[in-house]
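Please read the following briefing alongside the sequence and the model. The notes are grouped by topic.

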Amino acid sequence: MKKILPLAIAFLLALSSISFSTATEEYPPIAVTLEYSTQLYYPGDTIDLEIYISENSNMLSGKISVYYDPEVIDQSTLAAEKGSAISRYAFATNFRNPGRATVGFASSSPSNVGGLLCTFHFTILETTKLDNAHLNVVINEFLAPDTSTLISSYFTNEGGGEIDLPVYQPEIYAPVYLSLSGETELRPGWDFSVIMNIGENSKLLSGDMSIAYDADNFDFISCDMGTALTENGTFNLEYFGDKPGIVAVSISGREKLMTGGSAVIFKFKVKETPVDGNYEFVLNVNRLIAGDGETELIYNLQNGGILSVNITTPPPEAEIYTVTFYAFDETTVLFQIEVLDGEFAVFNGDIPKVDGRIFSGWDEDITKTRIFNDTSFYAIYRILGDANGNETTNSGDVSYILRYATGDITLDRLDLAVADVNADGTINGGDAAMILMFLIRSIPDLPQH
């Protein structure tokens with residue numbers, strides 16, 4: 001009992017320092033130091049990259065990424081472990097995305113820490129040859145105990161977070177796979193998107209392409225970058241749609257593209273009085289330049305780079321369908337509305353509260369579900385913090401949120417609604433830390449939304 005009492009007092013004091021932290025509290029910048037050997041590395045050697053932080057770094061959570069060349073580093077052997085500075089923090093890693101290794105950490109009771117934060121281990125591919133490989137360390141975030149302040153940081157190394165190491169791997173460029181996708185059944189006046197998709201590991205640095213379309217039946221609206229470009233964070237997009245029937249786009253980046261998925265989103269509108277029938281959107285590629293800035297990439301247009309769509313004008317007397325929104329008990333009717341064939345339903349009723357749960361959405365996404373018959377939607381309520389959907393809030397949800405924050409997993413719209421525990425509009429280590437605080441009873445309940 002004599003030993004337990006001082007520990008309890010120390011713990012309560014630590015918690016009180018978090019509870020009474022105010023928005024006006026200032027957090028000094030955190031100095032980050034990288035330590036590694038500058039030796040000549042051979043195939044099979046391991047690069048040990050140690051990351052240190054300055055003393056008295058008062059952090060609730062953080063996330064760090066290291067970008068690397070997957071043609072030099074063996075992704076299958078990536079490893080990382082936390083250091084003494086965060087020995088009591090929850091720790092998660094994400095090595096799934098080629099070219100990026102990410103770690104995240106969080107604590108329910110942060111303290112002033114310093115020293116070794118974590119160590120990354122990168123193994124040189126056995127097949128590589130001598131060259132100069134590049135590592136780029138990025139501090140994604142250091143979050144303060146008030147759960148909202150991002151603490152600034154700086155590197156003490158002369159090159160900042162940039163590291164060049166003497167390792168060689170000849171650059172080999174595989175064909176780039178491109179395709180078009182989008183909604184194929186259309187009605188007069190509808191807005192829709194045609195998406196240009198790109199395959200994984202394209203190593204694209206820049207490119208020029210265009211889409212041809214029938215200007216008599218469609219109007220071009222705008223272009224946006226897709227997730228393949230936005231997640232890279234270094235790409236720019238220009239588009240030119242002044243000439244009816246063709247939209248030209250130009251993309252360029254500071255680093256080669258490694259991730260795949262949607263690259264460019266072309267937004268169109270069906271004219272109000274189109275001619276019913278089948279139409280094609282055709283992708284044409286002028287040039288694709290590889291990561292070295294010089295090599296022209298070979299490309300493969302899946303399905304010939306064509307998206308076929310069909311326009312159907314409904315009869316003058318359009319069908320009207322009844323859409324019913326049900327409560328959590330799947331019996332009580334919350335709202336009913338009549339919707340024209342092919343349109344979207346809008347809920348204008350009241351969402352009742354359910355003890356111990358929060359409304360996280362409908363069983364189907366009503367913003368993306370067109371109505372073609374009488375339809376029912378059912379309210380979904382989930383336990384706040386239950387990010388993995390197992391009907392309880394526990395340490396598994398902390399791990400899930402950290403993995404999401406580092407980009408290791410994705411969460412669907414229902415998971416996202418309950419993962420934002422502190423209701424700040426983002427899902428990060430702050431939400432994980434709040435769940436930890438709830439689990440150890442340093443706070444009585446999670447916030448009520």
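Which residues do ring pairs link into a cluster? Ring pairs join Phe-192, Tyr-213, Phe-218, Phe-220, Tyr-239, Phe-268, Tyr-279 and Phe-281 into a cluster. This is a predicted model, in which local features need pLDDT of at least 70 and side-chain atom pairs count only at pLDDT 80 or more, while totals for chains, interfaces and linings use all residues. Residues are numbered from 1 along each chain as its sequence is written, and side-chain values use heavy atoms, with hydrogens and water left out.

**Aromatic pairs**
- The structure holds 22 aromatic pairs, where rings of Phe, Tyr and Trp (its six-membered ring) pair if their centres lie within 6.5 Å, and planes under 30 degrees apart count as stacked, over 60 as edge-to-face and the rest as tilted.
- The ring centres of Phe-325 and Phe-335 are 6.2 Å apart and their planes stand at 40°, so this pair is tilted.
- Both Phe-325 and Phe-335 are buried, meaning under 20% relative accessible area with a 1.4 Å probe and protein chains only.

**Charges over rings**
- The charged end of Arg-370 sits over the ring of Trp-190, 3.3 Å from its centre, the criterion being NZ of Lys or CZ of Arg within 6 Å of the ring centre and within 35 degrees of the ring normal.
- Arg-441 lies over the face of Phe-438, at 5.0 Å from the ring centre.

**Sheet**
- An open sheet of five strands has mixed pairing and the order β4-β7-β2-β1-β9; strands are DSSP runs (E, at least two residues) numbered from the N terminus, and two of them pair if DSSP finds at least two bridges between them.
- Its edge strands, each pairing on one side only, are β4 (79–82) and β9 (153–155).
- Strands β4 and β7 (residues 112–123) run antiparallel and are joined by four bridges, and the bridge partner of Ala-79 in β7 is His-121.

Technical notes
Buried < 20%, exposed > 50% of the residue type's maximum accessible area, 1.4 Å probe, protein only.
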